[in-house]
Amino acid sequence: MTGRPFVFTIGEMLVEIMRPEVDVPLRRTGAFVGPYPSGAPAIFIDAIAKLGIGAGIVGCVGDDDFGLCVRERLSSDGVDVSQVRVCKDKTTAVAFVNYFASGDREFLFHVADAAAGQIRADQLKREWLHAETVLHLNGSSIAINEAVRQICYEAARLVKECGGTITLDPNVRPELFTRGEMERLYGPLLSYCDYVIPSRGEAEWMTSSETLDDAAAQLFELGVKAVVCKRGADGCVLYTPDFRLESSAFDVQVVDPTGAGDCFSAGLVYGLLRKWEWPTILTFANAMGALATCKQGPMEGTLSLSEVVEFIKKHGVELAHG
């Protein structure tokens, strides 16, 4: 594997069970659909694998049909699931989801006490660690528990030692931690990060900064090479120590926004591995994020490279890629 790009991630693998109609609160008796394979790290790595890049995940599921649902989906899409542990005494994590007509979502998670929180350090596969490795981490994984958090820190240290790359989607959970706690949790990780991919407000929150400009400047002082802020329908904005660049979103009919940010991150990582110029990387990442919203289910909008490129062409955008 050495010498070939390989991307791996660590964190929660779960299923989503969702309302088929909008504005039906979770407290009300009604229909659900699913299970849909999900979890931010799982969505990301599935999207990477479908683009044709070697990919793997470190995670844990229960010895149940929900766990099999996630493992089979990832494996069929090309993800190495050899480091997914099957826990005999915990069930697979579940998220119940309700959508509102406003576009907002309501989640009820069963993660912290499920199998997702039972990841162990010995699941880190040493063969995955080399100079062409990218480790992508999510703030939602760091928030699971202290054990998973320490594994993420250790994996980042090992990847940097071998000359690999670290990308981070902060995926901030303000309902779980205060700003000061966020600084403490992210601090040990940020010094390893090469690229940070926040949504609106997340960079400010995790650095206790007042503006994105200030947050980016603080991250650059830690050694971060670039900050790419996801802005949904407004596209994205790139910050580097030398310049700032905006990129427009693609206009699509949104069916389900879950997973859009994870697919955006996958598109960004793919472009970095291909050593594309920044305008091309951002266009491709925006396309990945847009496509993710077009189908119900967090992984249902992940597509092959040729399908993403065709989507971009249909929107009249020329993608200079190799």
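Ala266 is found in helix α8 of this predicted model. The residue is buried, because its relative accessible area is 0% and the cut-off for burial is under 20%. Leaving out residues up to four places away in sequence, Ala266 touches Phe44, Ala47, Ile48, Leu51 and Met288. Between Ala266 and Ile45 there are 221 residues in sequence, yet the C-alpha to C-alpha separation in space is 7.3 Å.

The axes of α1 (residues 40-50) and α8 (residues 260-273) come within 8 Å and cross at roughly 45°. That angle makes α1 oblique to α8. The crossing of α1 past α8 is right-handed. On the α1 side, Ala40, Ile43, Phe44, Ala47 and Ile48 take part, and they meet Asp262, Cys263, Ser265, Ala266, Val269 and Tyr270 in α8. Sorted by class, this contact holds nine nonpolar residues, one polar residue and one charged residue.

Thr9 is found in strand β1 (residues 6-10). With a relative accessible area of 0%, Thr9 is buried. Not counting residues up to four places away in sequence, Thr9 touches Pro41, Phe44, Ile45, Gly56, Ile57, Val58, Leu135, His136 and Asn138.

Strand β9 (residues 133-138) and β10 pair in the parallel sense over five bridges. β10 also pairs with strand β11 (residues 195-196), again in the parallel sense, over two bridges. In that pairing Leu168 stands opposite Val196 in β11. Four of the five residues of β10 (residues 165-169) are buried, so the strand is largely enclosed by the rest of the structure.

A separate set of four strands forms an open sheet in the order β3-β2-β7-β8, with mixed pairing. β3 (33-38) and β8 (105-110) stand at the edges and have a single partner strand each, so one side of each is left without a neighbour in the sheet. On average, neighbouring strands of this sheet are turned by 25° against each other, direction ignored. Strand β2 (residues 14-18) pairs with β3 in the antiparallel sense over four bridges. Val15 stands opposite Pro37 in β3. In a regular strand the side chains alternate between the two faces of the sheet.

| Strands | Sense | Bridges | Residues opposite each other |
|---|---|---|---|
| β10 and β11 | parallel | two bridges | Leu168 and Val196 |
| β2 and β3 | antiparallel | four bridges | Val15 and Pro37 |

Ala203 lies in helix α6 (residues 202-207). At 1% relative accessibility, Ala203 counts as buried. Setting aside neighbours within four places in sequence, Ala203 is in contact with Pro198, Leu212 and Ala215. Ala203 and Val148 are 55 residues apart in sequence and 22 Å apart in space, C-alpha to C-alpha.

Key: Residues are numbered from 1 along each chain as its sequence is written. This is a predicted model: local features need pLDDT of at least 70, side-chain atom pairs count only at pLDDT 80 or more; totals for chains, interfaces and linings use all residues. Side-chain values use heavy atoms; hydrogens and water are left out. Buried means under 20% relative accessible area, exposed over 50%, partly exposed in between (1.4 Å probe, protein chains only). Two strands pair if DSSP finds at least two bridges between them. Axes are lines fitted to C-alpha atoms, for helices over the stretch in contact, and angles run from 0 to 180 degrees between N-to-C directions. Angles under 35 degrees count as roughly parallel, over 145 as roughly antiparallel, 65 to 115 as roughly perpendicular and the rest as oblique. A crossing is left-handed if the near helix is turned anticlockwise from the far one by less than a right angle, and right-handed if clockwise. Contact means heavy atoms within 4.5 Å. Ala, Val, Leu, Ile, Met, Phe, Trp, Tyr, Cys and Pro count as nonpolar, Asp, Glu, Lys and Arg as charged, and the others, Gly among them, as polar.
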